[in-house]
There are 2 protein chains.
Amino acid sequence: MIKLELDRKTIFVKEPSDVSSLQNGFYGSMNKGIITLTPEEALYIMDIRNGRCFDKSGNHYTFNQVASLFLKNKKLLAKYLTYKDWRDKGLVLRPTNEADGNYGRTILLKYESSSFEVDSFSFDGLFFPYDLITLVDDEKVAKELYERHWIGQFGTYKASHRGKIGKLDIFETIYLLRHGQLHLLNARLKDAEALAKKRIMFFPDLYSVYEDWRKRGYVIKTGFKFGTHFRLYFPGASPLKTDDKWMHSRHVIHVFPRKHKQIISEWSRAIRVAHSVKKTFILAIPGKKTQVKVNPDKPRLDFLLYHRKKGGIETPKDGTPKYLMYSLTEDEYIGGDELAQALAECSCFGLEMMMAISDRESSVTHYIIKKIDLPGSDYEYFEIEWIQP
Amino acid sequence: MIKLELDRKTIFVKEPSDVSSLQNGFYGSMNKGIITLTPEEALYIMDIRNGRCFDKSGNHYTFNQVASLFLKNKKLLAKYLTYKDWRDKGLVLRPTNEADGNYGRTILLKYESSSFEVDSFSFDGLFFPYDLITLVDDEKVAKELYERHWIGQFGTYKASHRGKIGKLDIFETIYLLRHGQLHLLNARLKDAEALAKKRIMFFPDLYSVYEDWRKRGYVIKTGFKFGTHFRLYFPGASPLKTDDKWMHSRHVIHVFPRKHKQIISEWSRAIRVAHSVKKTFILAIPGKKTQVKVNPDKPRLDFLLYHRKKGGIETPKDGTPKYLMYSLTEDEYIGGDELAQALAECSCFGLEMMMAISDRESSVTHYIIKKIDLPGSDYEYFEIEWIQP
């Protein structure tokens, strides 16, 4: 048994044998032979390490009696359950306010950047307002757009020789109205934009991301089959190179508008589909980049995570932290802005973000979030990977 | 070449060789040796079967010129692209207004129904308002709830011997407050309900579905890992039978509130995760069942589908239709009520629903929707299966 002592809302341990055991496990903060514990640490010791808590008069406090002292702490249980899970894996984690300086452990993922110009010939299209698709019935033009630039779908999907009509989706339609020579027989650019905005939530955000990649030479098509907004092919991809690696996209893009709050379970669903089809999931946060002032006394993120190293684990004694943990539950909502700010905090410390989501059954899922460098872009892109730490 | 003739908005074929070829393919409707085509049929013949269209004065009309005559038709392209896809598969489909009587081809999926009573002992829990979870720190009670009823998570997920705290999710919390003897130390039923309603979109709908299955003896837990609202175990399932088939859920449930309009791409994403983990996807539409008056002159659904039979295909000549097609695009929104009404229309004709979704690249995905009979339930449940027809 480990004896915890409670004084108002402070929990500490002073039995020398307990102190040394907890110190070896990197629990609490030590001062003059006494270890003071955070609520998560105290609850963990009670739940898993046979800790028992008493006040000065010797009254016993149950787990819930201790927890109830901290009910006003935001995300108490999200933090406790993700703390517990990391500890249960035999790994060490510490309070975020111990983060100090820039650990230089961030990996910046370099993406290539090319440039793209549409051919300058002009052509007509018929815009279908209900379906948000443009048809091009000039066979030569439609075929050229498809084969040279992979814009639109000529003929039939996966059978472009079958049929002779080109189909442009709403993103391609607007891109070609803005930057190419498409002329719609029955609508103007502003009509198409207004309709798209009315019909598709956050259309301007989606379109910004589409244009950002397309103008850098990437081919960007619907991600419907993979449960995301877009799928992505690197510059040089062509629908004709059937035996080539480019015929299969390896990346999908999901757009997370800054102003949109989304429930974690929905967010997670998009990542899972991508994972199940073995695609790299790219999260896009369009709009102006976040400026964050990091206040070490009021950290946004929840824990400083030590991970594994060859032959063992990292600890505060002989290593540096690798991640900052963002602790969440499946029922929480998160906005693009919020996430961008949390990610900026990670950058300041040179750490990567580990998002830990505790579901309703207290099972924890982890995602690592890595920053992408897309030269020339003003937006923020991240690769998200579902991992088992 | 097949010669199409245009008179105002009517398109017909009268060359005897064309007429007989189209008749053999089950295109159009025949009257006095002349075949009149629907817009979808005319466009298909122009796109794929080398049809060329002329007006009475001999002026040639391109594909887009013909299509532009019908731009006011709702979902014109959704209908055309899903029509084309079915035809491209060598299958036959006809206008919905030809549906006549009840074809008796619906399969009603019988689900068992048991009953469930919680043990009557009373116990305390601490409610965490921010996390919407209740902790039960009476080890005996928490263990019993978990092992006997699979309510809550005792100890650690997939390691219930580790730790001694029970975690009840918000659905379990409210169920036990309503039907069991749970007493919250820091909240009342109405507090928990109000908070859940505020925090989780459509919570009352979700809870209704939870309760509906739970009280019929099913075990219903979070579907977070599978991208759905819930996962389901049949009556008799237990977390203890580790070697038993029940340890793996085979079904997931996603709730589609009647009043909520959801973009098809999101809807589809949920089905795809379920598919990738080989679970049966159950769609739940809680609330009062839809009463539908079917008006054969104004069908809600889009096409009458003939499918395959042993050694060939079904046709209007020697078979009956099997499905009604609901044609959609990935950017369309659909509400629970709308879907329930469309499904009720299918029931009237004794046909199953084939949902056909054309994505932005004109690739079509198909889902079959089958009705579930859960004895005693007032709600509507359907199995949705992603298929390649």
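**Entry 1: domains.** I looked up the domain assignment of chain A, which gives domain 1 (2–71), domain 2 (74–115 + 216–389) and domain 3 (116–202); the bounds come from an automatic or database assignment. I note that this is a predicted model, in which local features need pLDDT of at least 70, side-chain atom pairs count only at pLDDT 80 or more, and totals for chains, interfaces and linings use all residues. Residues are numbered from 1 along each chain as its sequence is written, and side-chain values use heavy atoms, with hydrogens and water left out.

**Entry 2: domains 2 and 3 of chain A.** I found 34 Å between the centres of domain 2 and domain 3, taken over C-alpha atoms. Domain 2 brings 16 residues to the contact and domain 3 brings twelve (contact: heavy atoms within 4.5 Å).

**Entry 3: buried area.** The two domains bury about 1,200 Å² between them, 68% of it on carbon and sulfur atoms (accessible area, 1.4 Å probe, lost on putting two parts together, summed over both). On the domain 2 side, A:Lys221, A:Pro239 and A:Leu240 supply 39% of the area buried against domain 3, more than any other three residues.

**Entry 4: salt bridge.** I counted one salt bridge between domain 2 and domain 3 (a side-chain nitrogen of Lys or Arg within 4 Å of a carboxyl oxygen of Asp or Glu). A:Lys221 also forms a salt bridge with A:Glu172, with 2.9 Å between the closest N and O atoms.

**Entry 5: composition.** The residues of domain 2 that touch domain 3 divide into nine nonpolar, four polar and three charged (nonpolar: Ala, Val, Leu, Ile, Met, Phe, Trp, Tyr, Cys and Pro; charged: Asp, Glu, Lys and Arg; polar: the others, Gly among them).

Conventions. Chains are lettered from A and ligands numbered from 1 in the order in which they are written.
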